Amino acid sequence: RRVRGFCGGILIAVSVLLCILFFPLAPFFIIKVVAQYEKAVILRLGCIRKGGAAGPGLFFFLPCVDEIHVVDMRTVSFDVPPQEILTKDSVTVTVDAVVYFRIQCAVSSVCNVDNVKTATRLLAQTTLRNMLGTKSLSEILSEREEISNSMQHILDKATDPWGVLVERVEVKDVRLPQNLQRAMAAEAEAHRDAKAKVIAAEGELNASKALKEAADVIAESPAALQLRYLQTLGTIAAERNSTILFPMPIDMMKAFAEK
């Protein structure tokens, strides 16, 4: 450590001396500006400079001994490529998603991982495959929000040592094979047809019960049958048709029936 500190002190002193000797030109090489949404991680002789990340704004550095890594602190989004996944009930589906994340610790994103964006993207792909592989097709189609929240929690926990905050994960699309789509459509149509038949049968049952009750009421009062007969004649006569009706008293028919 003493040797490294001694040699490092000599290099820093030489760098400062060069900046003084070339002062008219030195400001163009020792001053850097980073934007409001950026931070600069400075490695002096391979070590993080005291004070952590610099910026936003203007700062000075030594061109010979300092290495600068500018980190974008804004929210970044990327699409997870479509992944072919075998579900828990042995159905092959293609699922894609979108992930929103941002870097909250610039020093960790530089020191703890080689390429934080690529690492986060690859981790999102494997997490999506592993999570949906434990779900059935019906769960994937009906529990998208729950799957997105679980995936966000897992990604956020895994990328925390990298200084990354995963803000949101959304499952965009679930594509099914064509033969499976046709089978599901046929199943849904058969289910609707069966339900329609059940409803029609229930309607016939209710109608038959109502007719039986009406017949019992009419049987108790002969005049009610005569009124119903006249009502039917009025309904037929209201329509414009060529039907000719000859009303015949019901009592006359009873007389013939008795003989």
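In strand β7, A97 is the bridge partner of V80. Helices (H or I, at least four residues) and strands (E, at least two) are DSSP runs, numbered from the N terminus. The model is predicted: local features need pLDDT of at least 70, side-chain atom pairs count only at pLDDT 80 or more, and totals for chains, interfaces and linings use all residues. Residues are numbered from 1 along each chain as its sequence is written, and side-chain values use heavy atoms, with hydrogens and water left out.

Strands β6 (residues 76–86) and β7 (residues 92–103) pair in the antiparallel sense over nine bridges; pairing requires at least two bridges found by DSSP. The two strands form a hairpin with five residues between them. In the turn, S90 has a positive phi of about 65 degrees.

The largest nonpolar core has 33 residues. Such a core is a set of buried Ala, Val, Leu, Ile, Met, Phe, Trp, Tyr and Cys residues joined through side-chain atoms within 4.5 Å. Buried means under 20% relative accessible area (1.4 Å probe, protein chains only). V93, V95, V99 and L128 have the most contacts inside this core. At least two of its residues come from each of β6, β7, α4 (116–132), α5 (137–142), α6 (144–159) and β8 (164–175). A second, separate core has six residues, among them A40, I42, F59 and F61.

Contacts (heavy atoms within 4.5 Å) were listed without residues up to four places away in sequence. V95 touches P81, P82, Q83, I85, L128, L132, V171, D173 and V174. Q125 lies in helix α4. Its relative accessible area is 18%, so Q125 is buried. Beyond its neighbours within four places in sequence, Q125 contacts V80, P81 and Q83.

Key: Buried means under 20% relative accessible area, exposed over 50%, partly exposed in between (1.4 Å probe, protein chains only).
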